[in-house]
Amino acid sequence: NAAHIPVDGRLGDYQKDVRPDGTSTPFHGGPGTLGVFNALNVTWDPVKGYAGPLGHGSSYIQVVQFDGDGCPDARTLLTYSQSPNPRSPHYVDQTRLFSQGGWVTDRFCAADVAAATVSTLHLRG
């Protein structure tokens, strides 16, 4: 009541990852102590709701399927994204993807890695 959150309110409207630069991304999940599979914990603010940096929880998620073709099909996600630098394109990219229920396709087998390779760097010495 103090945060003026309606009983039928959407969780993402009141539970957000707010970065130091003000970037805000709605997210799902909740306290693992409540039996929520996607465990995320943030501090409750009676005026703002659950708004602030994600305190802790599922930071790396991986789902793997073995379909018998000899190469696993994997999807991964870094819920907090890869970079703490607000100028990086990887500052909130995967956090937004997480918010939308998306995944990053991972590659394990040589043919998949080769097909997804953008560039290579050979070091000598």
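The part I mean is the loop that holds Thr79. Which elements does this loop lie between, and is Thr79 buried or exposed?

Reply: In this predicted model, Thr79 sits in the loop that runs between strand 8 (73-78) and helix 2 (93-99). Thr79 has a relative accessible area of 0%. Buried means under 20%, so Thr79 is buried.

The contacts of Thr79 give the surroundings. Setting aside residues up to four places away in sequence, Thr79 touches Ser58, Ser59, Ile61, Thr95 and Phe98. Of these partners, Thr95 and Phe98 fall in the range of helix 2 (93-99).

Ser81 lies in the loop between strand 8 and helix 2 as well. Its relative accessibility is 11%, and Ser81 therefore counts as buried under the 20% cut-off. The backbone at Ser81 has a phi near 70°, which is a positive value in a residue other than glycine.

Leaving out neighbours within four places in sequence, Leu77 is in contact with Ser59, Tyr60, Ile61, Gln94, Leu97, Phe98, Gly102 and Trp103.

In soluble globular proteins, nonpolar side chains tend to be buried together.

Now the rest of the chain. The protein has three helices and nine strands, and from the N terminus the order of elements is α-β-β-β-β-β-β-β-β-α-β-α. Buried residues such as Thr79 and Ser81 belong to the 26% of the 125 residues that are buried. Of the contacts between residues at least 6 apart in sequence, 39% join residues at least 24 apart.

As for overall dimensions, the radius of gyration is 18 Å, whereas a compact globule of 125 residues would have one near 14 Å. Along the principal axes, the C-alpha atoms fill a box of roughly 60 × 35 × 20 Å. The accessible surface comes to about 8700 Å², and carbon and sulfur atoms account for 56% of that surface. The protein carries 9 positive and 11 negative charges, whose mean positions are 9 Å apart.

How values were computed: Residues numbered from 1 in each chain as written. Predicted model: local features only at pLDDT ≥ 70, side-chain atom pairs only at ≥ 80, totals over all residues. Heavy atoms only, no water. Helix = DSSP H or I, 4+ residues; strand = E, 2+ residues; numbered from the N terminus. Rg over C-alpha atoms; globule rule 2.2 N^0.38 Å. Buried < 20%, exposed > 50% of the residue type's maximum accessible area, 1.4 Å probe, protein only. Contact = heavy atoms within 4.5 Å. Areas by Shrake-Rupley, 256 points an atom, 1.4 Å probe, with all protein chains shown as cover. Lys, Arg positive; Asp, Glu negative; His and termini not counted. Charge placed at Lys NZ, Arg CZ, Asp CG, Glu CD.
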